[in-house]
Amino acid sequence: MITELGHFALILAFLVAIVQMVVPLIGAQKRWHSWMAVAEPAAGAQFALTAVAFGALMWAFVVSDFSLRLVWLNSHSAKPMLYKISGTWGNHEGSMLLWVLIVTLFGAMAAWFGSGLPPTLRARVLAVQSAIAVAFFAFIIFTSNPFLRLDTPPFDGQDLNPLLQDPGLAFHPPFLYLGYVGLSMAFSFAVAALIEGRVDAAWGRWVRPWTLAAWVFLTIGIALGSWWAYYELGWGGFWFWDPVENASFMPWLLAAALLHSAIVVEKRESLKSWTILLAILAFGFSLIGTFIVRSGLLTSVHAFANDPERGVWILMIMAFFMGGALVLFTLRAGSMEAKGVFGLVSRESALVVNNLLLAVSCFVVFVGTMWPLVAEMFFDRKLSVGPPFFNAAFTPFMVLLGLVLPIGSVMPWKRARILRAAWPLRYVFVLAVAVGGLAYAMQTGRGLIGPIGLFLGAWLVMGVVVELIQRTGRGPDRLGRLTRLPRADWGKAVAHAGLGVTMAGIAGLTAWTMDDIRVAQIDQPWSVGNYELTLNSVEEVRGPNYVATMGVLTLSKNGREIAQLRPEKRFYPVAQMPTTEAAIDYDLKRDVYVVIGDQQNNGGWTIRTYIKPMTNWIWIGSALMALGGLLSLSDRRFRVGAGAAARRKEDDIAPVAAE
Amino acid sequence: MKRLALILLLLATPLMAVQPDEMLDDPVLENRARELSKGLRCLVCQNESIDESHASLARDLRILVRDRLVEGDTDEEAVAFIVARYGEFVLLNPTVSGANWLLWGAGPLMLLLASGVGMIYLRGRSKATAPGEEPLSDQERARLDDILRQ
């Protein structure tokens with residue numbers, strides 16, 4: 001019964017979305033207020049109905065209703081409750097429902113918080129957002145309906161892929177979708193502004209929080225996924241340049257570019273058409289990501305069981321939205337006149353450089369991801385483009401970005417002298433070079449990745465410190481002024497420092513990982529780097545829905561025991577799948593990562609040990625970036641900007657923002 | 001006994017990438033083999049190098065690479081040997097040849113193009129005058145200088 005209610009709610013939501021797509025758009029064109037006013041309650045209703053549908057599906061998973069085909073395929077009664085719940089979106093149909101739920105959630109939020117928007121713009125934004133929802137509702141109902149029943153319900157389910165039964169991964173998709181779909185809001189604003197034919201500073205201010213939120217969610221989602229890959233897949237890699245990973249990374253890069261260029265629109269009324277284009281492309285890359293995952297066009301470790309029909313649907317959705325938006329863009333972009341004037345050397349130019357580097361690096365990832373397809377279709381070559389290519393072709397852009405970031409971020413608006421702006425940074429630059437040089441001198445190899453990474457990390461973090469000190473000005477009470485800085489400034493500082501920490505972590509891990517593979521006998525110690533390991537025993541253990549072989553190891557350094565490590569080799573009988581559970585001793589300096597393999601003929605066990613320096617810096621840096629975004633999001637400017645009256649008042653107080 | 005060992009070996013589901021029994025005794029050769037393996041794709045997997053893969057085909061390839069190195073092949077010869085048998089698809093790092101120039105050149109070319117367009121835009125912005133904002137007349141400028149000098 002609950003299932004049927006959910007199914008019914010889904011279809012109702014689809015119908016409401018159609019109304020919300022058409023009526024407010026006509027209303028905005030004709031200036032009929034009653035028609036425009038339809039959008040707000042419709043957005044709320046759409047969200048409520050979709051939430052009911054999603055809740056019904058989740059309920060079916062929670063009570064293990066195997067009469068539902070989807071639940072039977074992806075769940076099992078013995079599965080822990082957390083994974084029953086996360087199983088709701090651990091499959092194609094359910095994840096599409098989550099996707100559309102988030103589309104409607106953002107639509108509803110725009111309706112609730114958008115009371116300060118001009119009525120026509122608001123009606124159009126909600127109509128465009130609803131058009132996206134319509135496309136995906138149709139996709140779900142006609143090709144991937146999660147509510148289909150089985151004639152004879154089986155006794156038990158087929159279990160969720162054991163690799164996905166993990167707390168890190170349980171929350172990876174929701175965050176990623178919040179990010180992907182959050183960009184739909186920027187897209188809707190861009191298209192609405194094109195229809196409206198008007199982009200001004202206020203538009204930049206409205207778009208930025210949505211982009212910022214999407215970027216924060218994407219950051220968290222990507223970091224969770226990468227962390228999961230690190231501890232779950234069993235060889236300690238954190239990023240594989242897999243098509244699906246790239247699919248989430250490209251929107252992240254463009255969202256980062258977009259939230260910087262929107263600053264220029266907001267503060268200086270320039271870069272308007274570029275910002276609109278970025279908003280369209282960022283969501284476009286989200287759709288490309290969905291397409292790559294669902295169509296099976298590119299082979300990937302992540303792809304769901306995919307079928308071509310669904311791929312064609314998503315391709316059509318993508319062609320419609322991208323094609324439509326880009327046509328609209330070419331028709332209207334010319335009418336967007338830039339107002340701000342600025343010199344070649346200025347904060348504006350620095351932000352343009354940021355955008356160039358981010359957009360071009362996104363382009364490199366895109367070309368690399370699609371190249372196997374292009375080469376096969378046009379040049380008759382079946383080839384692979386793997387991590388070595390991306391590491392070589394992508395990394396230089398990030399190095400450049402890290403190099404110019406601290407200088408760009410202290411550059412004054414409008415007109416600047418590069419030397420004068422960068423002068424306060426001279427000491428930290430020398431210090432950062434020294435850090436890199438020290439790393440070079442201390443390492444055993446001659447690689448440059450590690451030293452460059454540490455240099456960039458030090459440069460970015462110390463650059464942020466100098467910038468913050470500068471912001472306090474001169475004279476007494478500098479500490480007080482520091483604490484009173486707007487949250488947006490703190491957000492910027494924290495996020496930039498986070499980027500530095502992540503860069504250093506990635507470089508350190510890539511450059512200085514040590515590994516050791518051996519057959520270990522019980523109670524015979526061996527050493528890896530400065531550490532000593534002993535395999536004490538190997539036990540058979542039983543989990544809720546798996547059996548495991550668990551090694552018990554002692555990790556010690558200079559004869560002092562540091563930790564007990566318990567790597568497992570699990571077997572999930574229902575899914576007939578083995579997995580490895582690495583044992584990791586986490587530390588800020590390094591992780592010790594141990595994996596147990598098979599027993600050998602001589603009674604010993606295969607043990608892989610890795611010493612992975614600075615790994616946790618990657619996630620700490622990601623967390624800082626997300627935190628920076630959240631701080632910025634909580635800035636007074638965005639909160640106050642909600643009401644039209646409040647905004648007008650603020651503009652009077654702060655004429656700088658309206659220049 | 002040897003036969004039994006072989007059967008046991010085949011029955012065991014290999015859960016780890018490189019196995020201790022594959023490894024070469026010479027650490028220099030082993031290191032080279034590991035580096036080469038990282039650049040070779042496991043053909044039956046999805047985007048994994050043979051160094052990371054648990055598949056038995058990847059194991060065969062790893063052993064093949066090591067055999068070639070023991071035979072005295074250089075790194076290039078060993079890779080060429082694998083490519084001759086399994087095709088270009090096995091290379092995770094695409095070669096810079098033929099149409100692949102487009103792949104490798106895409107980034108730098110795009111950066112060049114984008115920098116050009118960006119430069120033109122920035123020059124335009126720095127020369128433009130904001131609407132409703134006239135440049136200072138000579139008189140105004142002289143007066144401004146006076147004020148600033150005080």
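**View 1. Strand β4(A) and its partners.** Four bridges tie β4(A) to strand β6 (residues 568-572) of chain A, and the two strands run antiparallel. Strands pair here if DSSP finds at least two bridges between them. Helices (H or I, at least four residues) and strands (E, at least two) are DSSP runs, numbered from the N terminus. This is a predicted model: local features need pLDDT of at least 70, side-chain atom pairs count only at pLDDT 80 or more, and totals for chains, interfaces and linings use all residues. Residues are numbered from 1 along each chain as its sequence is written, while chains are lettered from A and ligands numbered from 1 in the order in which they are written. Opposite A:Thr549 in this pair is A:Lys569 of β6(A).

β4(A) also pairs antiparallel with strand β5 (residues 560-565) of chain A, through five bridges. Here A:Gln564 of β5(A) faces A:Thr554. Two residues lie between β4(A) and β5(A) in a hairpin, and A:Asn558 in the turn has a positive phi of about 50°.

**View 2. The hairpin of β3(A) and β4(A).** Strand β3 (residues 531-542) and strand β4 (residues 547-557) of chain A run antiparallel, joined by eleven bridges. A:Thr534 has A:Thr554 of β4(A) as its bridge partner. Four residues link β3(A) to β4(A) in the hairpin. In a regular strand, side chains alternate between the two faces of the sheet.

**View 3. A four-stranded open sheet in chain A.** The strand order is β1-β10-β9-β8, and the pairing is antiparallel. β1 (514-520) and β8 (583-585) of chain A are the edge strands, each pairing on one side only. On average, neighbouring strands of the sheet are turned by 15° against each other, direction ignored. Axes are lines fitted to C-alpha atoms, for helices over the stretch in contact, and angles run from 0 to 180 degrees between N-to-C directions. Look next at the pair of β1(A) and strand β10 (residues 605-613) of chain A: seven bridges join these antiparallel strands. A:Ala520 sits opposite A:Trp605 of β10(A).

**View 4. Helix α3(A) against helix α6(A).** Two packed helices are described by the angle between their axes and the distance between the axes. Helix α3 (residues 39-62) and helix α6 (residues 92-113) of chain A cross at roughly 150°, and their axes come within 8 Å. α3(A) and α6(A) are therefore roughly antiparallel. The angle classes are roughly parallel under 35 degrees, roughly antiparallel over 145, roughly perpendicular from 65 to 115, and oblique for the rest. The crossing of α3(A) and α6(A) is left-handed: the near helix is turned anticlockwise from the far one by less than a right angle (clockwise would be right-handed).

The contact includes A:Phe47, A:Phe54 and A:Leu57 of α3(A), and A:Leu97, A:Leu101 and A:Leu105 of α6(A). Its residues are 14 nonpolar, six polar and one charged. Two residues are in contact if their C-beta atoms, placed from the backbone, lie within 7 Å. Ala, Val, Leu, Ile, Met, Phe, Trp, Tyr, Cys and Pro count as nonpolar; Asp, Glu, Lys and Arg are charged; the others, Gly among them, are polar.

**View 5. Helix α6(A) against helix α7(A).** α6(A) packs on helix α7 (residues 119-143) of chain A at about 165°, with the axes 10 Å apart. α6(A) and α7(A) are therefore roughly antiparallel. Their crossing is left-handed. Among the contact residues are A:Trp99, A:Val103 and A:Phe106 of α6(A), with A:Phe136, A:Phe137 and A:Ile140 of α7(A). The contact has 16 nonpolar, four polar and no charged residues.

**View 6. Helix α14(A) against helix α15(A).** The axes of helix α14 (residues 347-378) and helix α15 (residues 387-410) of chain A come within 10 Å and cross at roughly 170°. The two helices, α14(A) and α15(A), are therefore roughly antiparallel. α14(A) contributes residues including A:Val353, A:Leu357 and A:Val364, and α15(A) contributes residues including A:Phe390, A:Phe394 and A:Leu401. The contact of α14(A) with α15(A) counts 15 nonpolar, four polar and no charged residues.

**View 7. The contact of chain B with chain A.** Here 43 residues of chain B touch 49 residues of chain A. On the chain B side, α1 (2-11) and α5 (100-127) are the elements that give two or more residues. α5(B) supplies the largest share, 13 residues. The chain B side holds 25 nonpolar, 13 polar and five charged residues.
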